[in-house]
Amino acid sequence: MRVQAVRWKIARRHLNRQRSHRLRWSMVVIFVLFLLITSASGAGAMYFVSQLPSANTFHIHYAFQNARIYDSRGDLLYNMADLAKVKGGLRIVEPLQNRGDAQSACRDGVNRIPLVLQNAVIATEDATFYKNPGFDPMSILRAAYQDLQYGHIISGASTITQQVVRNTMLTQAQTLNRKAQEVALAYEISKRYSKRKILWYYLNYVPFGNLAYGAQAAAQVYFHESACRLDMAQAALLAGLPRAPSAYDPVRHRVAAFRRLHTVLASLKRHGYIDGATVVNALAEARRWQFYQAQPTMRYPQFTQYVINQLNAMPRLRQQLYQGIDVYTTLDPRLQNMAQSTVTEQIDGLLAQHVTNGALVSLDLRQRHYGWILAMVGSAHYRDRTGQINMAISPRQPGSSMKPFNYIYAFTHGDVSPGTQVEDSPIILPDPNDTKHHGWYLPANYDRLFHGTVTLRQALANSLNVPAVKVEYYITNPKNVARTAARFGMTSLYHDNPGLDCNVCYAVTLGGLARGTRLLEETAAYGVFSTGGWTVPPVAIWKVIKRSTGKVLFCSADCPRGVKPASWLVKQRRDVLDGAHAAEMTNVLSDDNARCTVQVCEFGLNSALKLSRPAAAKTGTTESFTDNWTVGYTPQIVTGVWAGNSDRSPMQNVIGVTGAAPIWHQFMENAFQILRLPVKNFVTPNTLVTINQCTTAGSTVPSYTSPDIFVEGAALPYQLPLCRIPERGSMPISCDKYPANPVPLTFQCPTAPPYTYTFGSSQNGTNQFPANGTSFQAPIQPNTSTTPQFTNPTAPQVGTFQPQP
């Protein structure tokens with residue numbers, strides 16, 4: 001028994017030794033496994049951290065934001081979204097309404113994202129938003145259980161912060177590794193940014209469907225309201241969209257959207273934001289909603305599109321176009337509305353004469369807003385078939401409105417003045433491009449009469465064609481007419497009219513161009529006469545401001561303190577004409593008495609070209625009656641008007657003084673009142689004097705003539721103006737001197753007078769001129785002009801005819 005007990009003790013001791021040995025080895029194995037696991041975990045952690053994007057790379061920014069375009073008074077013209085890119089859309093970044101703020105979210109002109117929307121999003125997407133460290137552990141465990149239960153990811157459990165991280169720093173792949181990165185980065189971002197900052201970024205960043213990004217865009221797309229005006233029901237609908245914008249789209253999937261609305265309202269009630277009665281009222285309101293895809297509205301679309309084109313033409317601003325800029329334009333909405341109604345009413349009143357369209361441009365000449373486009377009407381009826389074509393910037397034949405650029409060159413280079421005489425008598429000139437008169441150009445006046453000896457003042461004031469062509473032939477040269485117009489501001493003239501730079505294009509002074517001029521540019525060119533010789537580059541953009549920083553990116557004039565106008569724009573303003581000659585032209589174009597004299601009276605006294613204050617103006621009508629112009633100015637504004645038909649069909653019995661001029665007259669008079677412009681006289685330099693002497697060609701002996709103005713030369717004694725433009729008969733270039741080799745295929749040499757004519761003065765079928773304070777009228781003689789006779793010689797012949805006495 002004792003032996004057995006001893007054996008048991010020995011066995012037990014041995015067993016204990018084995019257990020101790022096994023335990024020791026077990027402990028060793030466990031320790032080794034622990035080391036291996038921890039080493040692997042450490043290595044895994046190190047690898048995880050190495051693959052984790054740095055939180056330093058996160059910064060609050062938006063891939064795109066709308067550009068907002070305003071008129072000069074701060075009213076919105078257009079909310080321009082970036083719809084060209086794959087990931088483009090509408091976005092306007094707005095501030096949050098503060099927590100505890102019981103006032104309106106729309107006050108003080110600020111559009112705040114209201115608390116009702118903030119609360120709805122938090123209740124739906126992240127109920128513990130203000131308490132969690134960027135992620136919600138309980139939500140993660142719940143989501144993990146659901147994912148294990150179904151064998152794949154069912155619930156993401158992403159907080160608002162996690163969604164911000166996922167959308168800005170990570171891919172959209174649904175993997176555990178990406179989820180872990182999302183949680184880690186959300187935690188880090190929450191330490192660096194306030195909850196309000198994160199919520200603000202989320203509500204301005206997240207997509208709501210239908211190209212709406214952010215709360216403001218969503219409010220406009222679905223409810224056509226500013227975000228600050230959203231009520232509880234509207235906010236609840238929007239709060240449910242970010243989870244699946246396409247699936248819950250109320251425009252296309254109304255039932256699904258309303259089921260989601262129920263879910264959001266239930267979440268709001270569960271978390272204590274609203275009560276049951278509010279839920280009932282919200283659902284009742286929702287049943288009345290009608291959703292539709294609204295097209296973006298654009299006020300004054302032709303001007304606004306012109307502004308967009310200008311933005312795209314400036315590289316620096318083009319790069320900022322969808323980065324959240326506010327564009328303030330030069331347009332005065334008061335003038336624009338008045339201009340549009342004036343054009344529309346006048347054109348509607350001329351429908352019986354087949355006038356269907358009109359356009360208007362007005363530029364500011366005051367120094368503070370120099371060159372600003374105050375009004376731009378592109379068509380009489382924008383929604384008509386051709387109404388969307390902006391006729392203010394489309395080339396059209398200008399007619400006689402081109403004549404001042406011919407005369408001003410003659411005044412500055414040809415020793416002539418407004419008092420110089422010219423014969424309004426027949427002339428025939430070479431024209432190699434002509435097919436109607438066998439290679440010859442035969443200008444004629446509008447009234448088909450000739451008026452004998454007239455002064456250049458009378459010729460221009462009455463818009464006589466033949467004297468203008470003679471000035472062009474004997475003094476100016478067609479090349480210089482075009483070059484002067486281009487230098488004054490018609491910058492597209494040569495682009496629009498290829499081949500313009502020729503020596504025998506004598507119809508240029510009458511507006512005979514391949515395509516024509518642009519109303520905006522011609523209006524600016526007339527501004528040179530008003531400003532004393534300075535060009536007036538049209539400006540549509542006042543200033544451009546970066547919304548996020550308030551930095552002024554561009555300013556044209558009237559700039560904020562510390563900001564200077566764009567240097568390149570200032571350089572575009574050039575001195576192209578001396579002030580005395582500019583005043584000389586203004587003196588002629590503003591002379592109402594010269595528009596009706598004994599020799600010629602085309603417009604009559606007190607026509608639509610005369611305003612209640614000093615003003616200068618010129619009309620233009622094309623030979624085919626397809627285009628009708630009036631351009632005129634005061635010292636403060638210059639305005640151009642076009643009337644006609646977009647399809648170039650002819651008007652009936654309409655000329656400049658009856659078509660475009662009434663529009664110009666009414667707009668100018670109303671503009672004076674709207675802008676409160678004081679009456680201002682044109683400046684007359686000391687070198688513009690009145691003289692009654694002149695000289696004949698080749699002589700220095702002065703002759704006496706009727707007094708008229710003249711620009712004194714710099715040297716004394718200065719050259720007196722010519723009494724009369726010397727002429728070389730009705731055919732100054734003979735057939736053997738024809739300036740084309742070879743001559744045109746249709747060329748023929750005239751062998752008989754191209755004209756028979758009578759002297760007369762006409763306006764609307766009667767002679768009219770003032771006599772002793774009364775108006776004398778007599779019937780005009782009928783036009784007896786005959787078709788010229790031509791022969792087709794084997795060799796060019798010299799013309800032998802002269803004008804009839």
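These legends describe close-up views of a predicted model. Local features need pLDDT of at least 70, side-chain atom pairs count only at pLDDT 80 or more, and totals for chains, interfaces and linings use all residues. Residues are numbered from 1 along each chain as its sequence is written, and side-chain values use heavy atoms, with hydrogens and water left out.

**View 1. Helix α9 covers residues 254-270.** Helices are DSSP runs of H or I with at least four residues, and strands are E runs of at least two, both numbered from the N terminus. The expected span is 1.5 Å times one less than the number of residues. For the 17 residues of α9 that gives 24 Å, and the end C-alpha atoms are 24 Å apart, which agrees. Its buried residues include F258, L261 and L265. Buried means under 20% relative accessible area (1.4 Å probe, protein chains only). The buried residues of α9 pack against α2, α8 and α10. After α9 comes G272, with a positive phi near 85°.

**View 2. A disulfide joins C106 to C228.** A disulfide is a pair of cysteine sulfur atoms within 2.5 Å; here S to S is 1.9 Å. C106 sits in the loop between β2 and α2, and C228 in the loop between α7 and α8, 122 residues apart. The S-S torsion is about 100°, so this disulfide is right-handed. C106 counts as buried at 17% relative accessibility; C228 is buried at 10%.

**View 3. C596 and C601 form a disulfide.** Their sulfur atoms are 1.9 Å apart. The torsion is -95° about the S-S bond, and the link is left-handed. Both cysteines are buried.

Key. Buried < 20%, exposed > 50% of the residue type's maximum accessible area, 1.4 Å probe, protein only. Contact = heavy atoms within 4.5 Å.
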